[in-house]
Amino acid sequence: MPVNPSDDTFTRRRLMTRTAQTAGAVATAAAVLPALGFALGPVFEHRPASWQPLGPLADIPRETYAMRVVTETPGIGEAGKTTVFVRRRNPAIDTEPGDPFNQVLALTSRCAHVGCPVSFKDAAHVFVCPCHGGVYDFRGRRISGPPPRPLDRFATRIVRGGAVELGPRYSVNAELRRFAPHFSGEPLDGIGPHLYPAQPGTPKPPE
Ligand code: FES
């Protein structure tokens, strides 16, 4: 049967159009889906909280900080360990919103600028970062330097007759309001929380 050239041209044109549309859809999906996953991932992904021992409550000071080495990222040995600063909560100064019954405060030693280890200067009751001069007050709030937010914190709880346990890390803004954990360098005031989603796969911040 003879082939009508105009039919053949039409069929080829339609085939090329469909191919181009399919390629366009694949390209769009390749560009959009990772961004969508990045934005929505933190909403759906939450690891269960894990808790680790910090020792007896009686060994934790109230007027200064004690240091404890804990595992922040399991499964990678020493590289997953970090130092936390712990002290008993003092209701006279620890007036931040949330868990008023929490008896122990645990602050990260990682600077909120780019993550250098901070040290606590007992005489001045401040935390100092050696890298770019960031300074935090006794409650971990930024006093000066480039850090965009206070030191991150960890949830704590008391179990079995006075043993203290350390839970998930969370971030705080200048008012010490709780947010899901964020990376160093990410502010949590103003439009910061809208610009920087929580780290994917992290536990929900404690209520
Ligand atoms: Fe601490 Fe820059 S890393 S001030």
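## Contacts and overall make-up

Among contacts (heavy atoms within 4.5 Å) between residues at least 6 apart in the chain's sequence, 47% join residues at least 24 apart. This is a predicted model, in which local features need pLDDT of at least 70 and side-chain atom pairs count only at pLDDT 80 or more, while totals for chains, interfaces and linings use all residues. Residues are numbered from 1 along each chain as its sequence is written, and side-chain values use heavy atoms, with hydrogens and water left out.

The chain holds two helices and 11 strands; these are DSSP runs numbered from the N terminus, helices being H or I of at least four residues and strands E of at least two. Of its 207 residues, 37% are buried, where buried means under 20% relative accessible area, exposed over 50% and partly exposed in between (1.4 Å probe, protein chains only).

## The four-stranded sheet

Four strands form an open sheet in the order S5-S6-S7-S8, with antiparallel pairing; two strands pair if DSSP finds at least two bridges between them. S5 (119–121) and S8 (142–144) are the edge strands, each with a single partner, so one side of each has no neighbour in the sheet. Strand S7 (residues 135–136) is joined to S8 by two bridges, and Val135 lies opposite Ser144 in S8.

## The disulfide

The whole structure has one disulfide, a pair of cysteine sulfur atoms within 2.5 Å. Cys116 and Cys131 form this link, with their sulfur atoms 1.9 Å apart. Cys116 is in the loop between strand S4 (104–108) and S5, and Cys131 is in the loop between strand S6 (126–128) and S7, 15 residues apart. Cys116 is buried, at 15% relative accessible area, whereas Cys131 is partly exposed, at 37%.
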